[in-house]
Amino acid sequence: VKELNSRGTLVFATSGPNTRTSQMFINYKDNLFLDKQGFAPIGEVVQGFDVAQAVYSGYGEAPSQPRIQKEGNAYLKEAFPKLSYIKAASLS
C-alpha cells in the first residue's frame with residue numbers, strides 16, 4: 001500500500017491478496033489500520049465530500065456481495081429502497 005487510508009480516499013474492498021471485486025468505499029475518517037491489511041486507496045474525493053457524507057448509511061454491510069454480482073441493481077432496488085446511487089463521477 002503506497003497511499004494512506006486517510007479521510008476522503010476512495011478504496012477497493014478486499015479480503016486478501018488478489019481478491020478485489022467491484023465493492024468500493026470512501027474513508028469518512030482516517031483508517032490507517034487498513035494500510036496493513038492491504039486496502040490500497042486509488043483516488044480521493046477532492047470536491048463534494050459533503051455530498052458523500054449525505055449518502056444513506058443505514059444498511060451498513062447488509063447487502064450481499066454475491067447477490068449484487070449475480071442480480072445487480074434489481075436486487076438492490078428491491079431489498080434496499082433507501083440506498084443511494086452514484087449517477088455521475090469524473091476523473092481528473
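Trainee: Where is the place of D35?

Mentor: D35 sits in the loop between strand 2 and strand 3. Strands are DSSP runs of E with at least two residues, helices are runs of H or I with at least four, and both are numbered from the N terminus. The model is predicted: local features need pLDDT of at least 70, side-chain atom pairs count only at pLDDT 80 or more, and totals for chains, interfaces and linings use all residues. Residues are numbered from 1 along each chain as its sequence is written, and side-chain values use heavy atoms, with hydrogens and water left out.

Trainee: Why does D35 count as buried?

Mentor: Buried means under 20% relative accessible area, exposed means over 50%, and partly exposed lies in between, with a 1.4 Å probe and protein chains only. D35 has 16% relative accessibility and therefore counts as buried.

Trainee: Which residues does D35 touch, not counting residues up to four places away in sequence?

Mentor: D35 touches V1, E3, L4 and N5, where a contact requires heavy atoms within 4.5 Å. D35 and N5 are 30 residues apart in sequence, while their C-alpha atoms are 6.3 Å apart in space.

Trainee: What makes V1 count as exposed?

Mentor: The relative accessibility of V1 is 52%, so V1 counts as exposed. V1 lies in the segment before strand 1. Beyond four places in sequence, V1 touches D35, G38, F39, A40 and P41. V1 and A52, 51 residues apart in sequence, are 24 Å apart from C-alpha to C-alpha.

Trainee: Why does A13 count as buried?

Mentor: A13 has 12% relative accessibility and so counts as buried. A13 is found in the loop between strand 1 (9–12) and strand 2. Residues up to four places away aside, A13 touches R20, T21, Q23, M24, F25 and F39. A13 and G38 are 25 residues apart in sequence, with 9.3 Å between their C-alpha atoms.

Trainee: What is in contact with I42, leaving aside its neighbours within four places in sequence?

Mentor: I42 is in contact with L10, F12 and M24. I42 belongs to strand 3, and its C-alpha atom is separated by 9.8 Å from that of N5, 37 residues apart along the chain.

Trainee: How many helices and strands are there in the chain?

Mentor: The chain holds three helices and three strands, in the order β-β-β-α-α-α along the sequence. Of the 92 residues in the chain, 20% are buried. Among contacts between residues at least 6 apart in sequence, 48% join residues at least 24 apart.

Trainee: What makes an open space a pocket?

Mentor: On a 1 Å grid over the protein atoms alone, a pocket is an open set of points with protein on both sides within 12 Å along at least five of seven lines, whereas a cavity is a set where a 1.4 Å probe fits but cannot get out; lining residues have an atom within 4 Å of a point. Grid points are joined across faces, edges and corners, and the volume is the space filled by probe spheres set on the points. The largest pocket contains about 2000 Å³ of space. It is lined by 39 residues, of which L10, M24, F25, I26 and I86 are the closest to its centre. Strand 2 (24–26), strand 3 (41–44), helix 1 (49–53) and helix 2 (65–71) each supply at least two residues of the lining.
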